[in-house]
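Welcome! Take a moment to look over the protein below, and then let us walk through it together.

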Amino acid sequence: MKKFTSVSDVENLQEIIKKALDIKADPLSETEKGKGKTIGLVFLNSSLRTRLSSQIAAQNLGLNVLTLNAAQEAWNLEFADGAVMNGDTVEHIKDAIEVLNQYCDIIAVRCFAGMKSKEDDVNESILSQFEQHAKVPVVSLESATRHPLQSLADCITITENWSKEQKPKVVLTWAPHIKPIAQAVGNSFAEWMQEMDVDFVIANPEGYDLDPAFTKDTKVVHDQDEALKDADFIYVKNWSSFDDYAAMPEVKGDWMLTNEKLANTNDAKVMHCLPVRRNVELSDEVMDGGNSIIYQQAKNRIFSAQAVFSEILDNIK
């Protein structure tokens, strides 16, 4: 693996899931692999699970870890090509990345969607610059359109919780929120589920369809009850409109996940990437109930990152 920004960077999904599960059984099995090498974790946005899980994963491999909260601790960055930097920005992203090239053997970056320009977000205006200017492998810790480390952890979690011969029904359901949220987690989960042996369905209100470039031929329904019928796994996540970019069209009906709605499923396991707005996206009774595997999912963030870092280290001379 030479980089990791989407599922297309994974040669064999089942093999990397198995690798992650082997790592989970013995997290310190490769403590010498990263010895003498450095990973730079660059955060342009806030983080809890991604930051901590990536640090733990890197340390488990013996990597030296540099963590930069770029939005708070670095100079104000300029991202536009050809910019005349006579304003508030002090350092161009090209120069910052070139310096990181000197310090790091792997660069991992977290950069959310700006939610202002659809074109900029769809074209990954920030991540693309890291991919263009980095001379070392780049790992996405979430970008404008995808969250691949989260999605790999989701695949690991589903695999751990399914032992039947028939394929499980997995439902990605939209949930309410108080503000516009990017589509990255939903997009990414859709991409990865298309590579898993599952019966995958997306449920969202009218006006909230995800980018068809990610959903492709996945079944999308606008009736949550219909989608949840006989579900084995339910992934709860909010996102704003893609067509009317970053808008929040009016939604009729109650889309918050409750135990009452779970009664229509195959005693479905409930997933969420966190953080979660309790009693807005899903109820306390679901979050704290026996169907929730959300914290297991969060723990698996360590092993998704560790599997990816390990694969990348195999290709660094």
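Here is a short briefing on the overall fold, the surface and a few charged pairs. Keep in mind that this is a predicted model.

**Overall fold**

- The protein contains 13 helices and 11 strands.
- Its C-alpha trace spans about 55 × 50 × 35 Å along the principal axes.
- A compact globule of 317 residues would have a radius of gyration near 20 Å, and the protein agrees with this because its own value is 20 Å.
- If we take contacts between residues at least 6 apart in sequence, 77% of them join residues at least 24 apart.

**Inside and surface**

- Of the 317 residues, 56% are buried.
- The protein exposes about 14300 Å², and carbon and sulfur atoms supply 46% of that area.

**Charges**

- There are 32 positive and 49 negative side chains in the protein.
- The centres of these two sets lie 4 Å apart.
- Side chains of opposite charge can pair when their charged atoms come close.
- How many salt bridges does a search of the whole structure find? The search finds 15.

- Lys3 forms a salt bridge with Asp9, and their closest N and O atoms are 3.1 Å apart.
- Is Asp9 buried or exposed? Asp9 counts as buried, because its relative accessibility is 18% and the cut-off for buried is under 20%.
- Lys3 is partly exposed, with a relative accessible area of 30%.
- Lys3 also meets Glu131 in a salt bridge, at 3.4 Å from N to O.
- Glu131 sits in helix H6 (residues 127–133), while Lys3 belongs to the segment before helix H1 (13–25), so this pair ties together parts that are 128 residues apart in sequence.
- Glu131 counts as partly exposed, at 34% relative accessibility.

**A pair between two loops**

- The side chains of Asp288 and Arg278 form a salt bridge, with 2.9 Å from N to O.
- Asp288 is found in the loop between helix H12 (284–287) and helix H13 (294–313), and Arg278 in the loop between strand E11 (269–271) and H12, so the pair ties together parts that are 10 residues apart in sequence.
- Asp288 counts as exposed, because its relative accessibility is 52% and exposed means over 50%.
- Arg278, at 33% relative accessibility, counts as partly exposed.

**Putting partners together**

Notes
Residues are numbered from 1 along each chain as its sequence is written. This is a predicted model: local features need pLDDT of at least 70, side-chain atom pairs count only at pLDDT 80 or more; totals for chains, interfaces and linings use all residues. Side-chain values use heavy atoms; hydrogens and water are left out. Helices (H or I, at least four residues) and strands (E, at least two) are DSSP runs, numbered from the N terminus. The radius of gyration is taken over C-alpha atoms; the globule rule is 2.2 Å times the number of residues to the power 0.38. Buried means under 20% relative accessible area, exposed over 50%, partly exposed in between (1.4 Å probe, protein chains only). Contact means heavy atoms within 4.5 Å. Accessible areas come from the Shrake-Rupley method with a 1.4 Å probe; for residues, only the protein chains shown count as cover. Lys and Arg count as positive and Asp and Glu as negative; His and the chain ends are not counted. The place of a charge is taken as NZ of Lys, CZ of Arg, CG of Asp or CD of Glu. A salt bridge is a side-chain nitrogen of Lys or Arg within 4 Å of a carboxyl oxygen of Asp or Glu.
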